[in-house]
Amino acid sequence: MAVQQSVGADPYFPANGDARYRVHRYELTLDYRPGPNRLAGAARINAIAGRSPLAEFQLNLGDFKIGRVRVDGRQAHYTHRGGRLRVRPGKALRAGAAFTVEVQWSGNPKPVASPWGGLGWEELEDGALVASQPVGAPSWYPCNDRPADKASYQISVTTPSAYSVVAGGRLLTRTSRGSTTTWVYEQAAPTSSYLVSLVIGRYETLLLGDPGPGGVPQHGHLPARLLPRFSRDFARQPAMMDLFQDLFGPYPFDDYAVVVTDEDLDVPVEAQGLSLFGANHVDGARGSERLVAHELAHQWFGNSVSIADWRHIWLNEGFAKYAEWLWSERSGGPDAHQLAATAHRLLETLPQDLRLSDPGRKSMFDDRLYERGGVALHAVRCALGDDAFFGMLRGWASSHRGGAVTTAMFAAHAARYAAQPLDGLFDAWVHGTRLPPLPRPVRRSPRIPDRPTHPPTNAEQP
């Protein structure tokens, strides 16, 4: 199992999270009224203290009114300023002790300010959605907001019955009383706080394909008006699921859902077992199919295998970018080497001052990180050959399932599959800034065949 905690504060977001303890489970009970955008919540958080006694600890929570804070059933002292809820139990918690925190809060949820604009809870014209990457989770619930602190979740949401509620995980119950309905979801897999999502709106639900015995149920939730276009644009997602399970190993969660809002989104966003798309990503011509593949791939790389801190984000985005190219290659479009060459030509025209292993907070979502991350993985593939490369990917997803990883851990893992040292490759592509030459094409392995049965993909042409 991968390391579950990194030591100390996240260097990019030192005000977020508290490394002195870890959370085992969140149980959230929410009541939301879309009209006034009013949220009332209660959280029960099961946690474990670290190696030192805890006289106080911190949760992250946005601008809400606090109703009550208890630790192990007893009233606790607290302060709440600047998005930090500092809690001081009546008696210090001993090192390694399990403890329970209960928080009640209410107010009008709003996005958390960030260098990329508002993140987290977003009020829509008729409903709401949550897209938290990287620091938006405190916009709607109290959490230890650090990506390595992964926990299970149960989320109960009560809202007017005209609305559907979609969250990542398995729907346990849906109970209507009067004019409201309560939806209860369970996400048993370890989940980073930023990957907990919630969507409230007027949606139709449909099953994508037939999962068959032991298959992965895949559902779409979307406005009725978008059904014809959605049915074409996402028709090949079950084939993507089959391919990625072949290449990366078994899908790491119980099911997978996609939600299309009735409004435009700048980019799709992944969450645990769930991806969010805007109406602008549904055109009836598969114009965003590479993004469908990208978000699905995040379920393995980014969600199941998470990063220890945000310096390592290329392990999320570079892998998902390369999955786009693998889908194109295996579905009849340009192969990964052609697409890597396209990306390399683009990178040659851009400033060469980005370091994959530590891009800095300002550049962690830079397009260059995605493209260079994809080409770096292609360089690893070219160095290993197909058999070893895909064995390496499956081993990475399997051995670190549910855990948190670093760039150094990936380099050590890849080296175990290589006939020659990879130090120079990682120094050039991952730790350096100057763009290395495009690697020579990989010799294709007959053990991982092309899949020409699917119509050509709409992936970008070289």
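Glu295 sits in helix H3, residues 289-297. Helices here are DSSP runs of H or I with at least four residues, strands are runs of E with at least two, and both are numbered from the N terminus. The model is predicted, so local features need pLDDT of at least 70, side-chain atom pairs count only at pLDDT 80 or more, and totals for chains, interfaces and linings use all residues. Residues are numbered from 1 along each chain as its sequence is written, and side-chain values use heavy atoms, with hydrogens and water left out.

Is Glu295 buried or exposed? Glu295 counts as buried, at 4% relative accessibility. Buried means under 20% relative accessible area, exposed means over 50%, and partly exposed lies in between, with a 1.4 Å probe and protein chains only. Leaving out residues up to four places away in sequence, Glu295 touches Tyr256, Pro268, Val269, Glu270, Ser275 and Phe277. A contact means heavy atoms within 4.5 Å.

An unreviewed UniProt entry annotates Glu295 and Tyr370 as "active site". The two span 76 residues in sequence, yet no two of their C-alpha atoms are more than 13.1 Å apart, so they gather at one spot. UniProt positions are given in the numbering used here, feature names are shortened, and annotations may be inferred rather than shown by experiment. Tyr370 is found in helix H6, residues 367-384. Tyr370 is also buried, at 19% relative accessibility. Beyond residues up to four places away in sequence, Tyr370 touches His294, Glu317, Gly318, Lys321 and Phe365.

Over residues 239-429 the chain is 51% helix and 8% strand. The end C-alpha atoms of this stretch are 31 Å apart.

The largest pocket has a volume of about 920 Å³. Its lining has 31 residues, and the closest to the centre are Asp266, Val267, Pro268, Val269 and Tyr370. Two or more lining residues come from each of strand S9 (120-124), strand S10 (127-131), strand S19 (269-271), H3, H4 and H6. H3 gives the largest share, 4 residues. Both Glu295 and Tyr370 belong to the lining of the largest pocket.

The terms rest on a 1 Å grid over the protein atoms alone. A cavity is a set of points where a 1.4 Å probe fits but cannot get out, and a pocket is an open set with protein on both sides within 12 Å along at least five of seven lines. Lining residues have an atom within 4 Å of a point. Grid points are joined across faces, edges and corners, and a volume is the space filled by probe spheres set on the points.

How many cavities of 30 Å³ or more are there? The count comes to 6. The largest cavity holds about 70 Å³ of space. Its lining includes Leu347, Pro351, Asp353, Arg368, Arg372 and Leu435.

Next comes helix H8, residues 407-415, where Thr407, Phe410, His413 and Ala414 are buried. Seen down the axis of H8, the buried residues fall within an arc of 120°, so they line one face of the helix. The arc is that of the directions from the helix axis to the C-beta atoms. These buried residues pack against helix H4 (314-330), H6, helix H7 (386-399) and helix H9 (423-431).

Strand S1 (residues 21-33) and strand S2 (residues 38-49) pair in the antiparallel sense over 12 bridges. Two strands pair if DSSP finds at least two bridges between them. Tyr32 stands opposite Leu39 in S2. The hairpin of S1 and S2 has 4 residues between the strands, and there Asn37 takes a positive phi near 50°. Asn37 is not a glycine, and at 6% relative accessibility it counts as buried.

S2 also pairs with strand S8 (residues 98-107), in the antiparallel sense over 10 bridges. There, Val101 in S8 is the bridge partner of Ile45. Arg25 lies in S1 and is buried, with a relative accessible area of 15%. The C-alpha atoms of Arg25 and Ile45 are separated by 5.8 Å, though the residues are 20 apart along the chain.

One backbone detail remains. A cis peptide bond joins Gln133 and Pro134, with omega about 0°. Pro134 lies in the loop between S10 and strand S11 (151-160).
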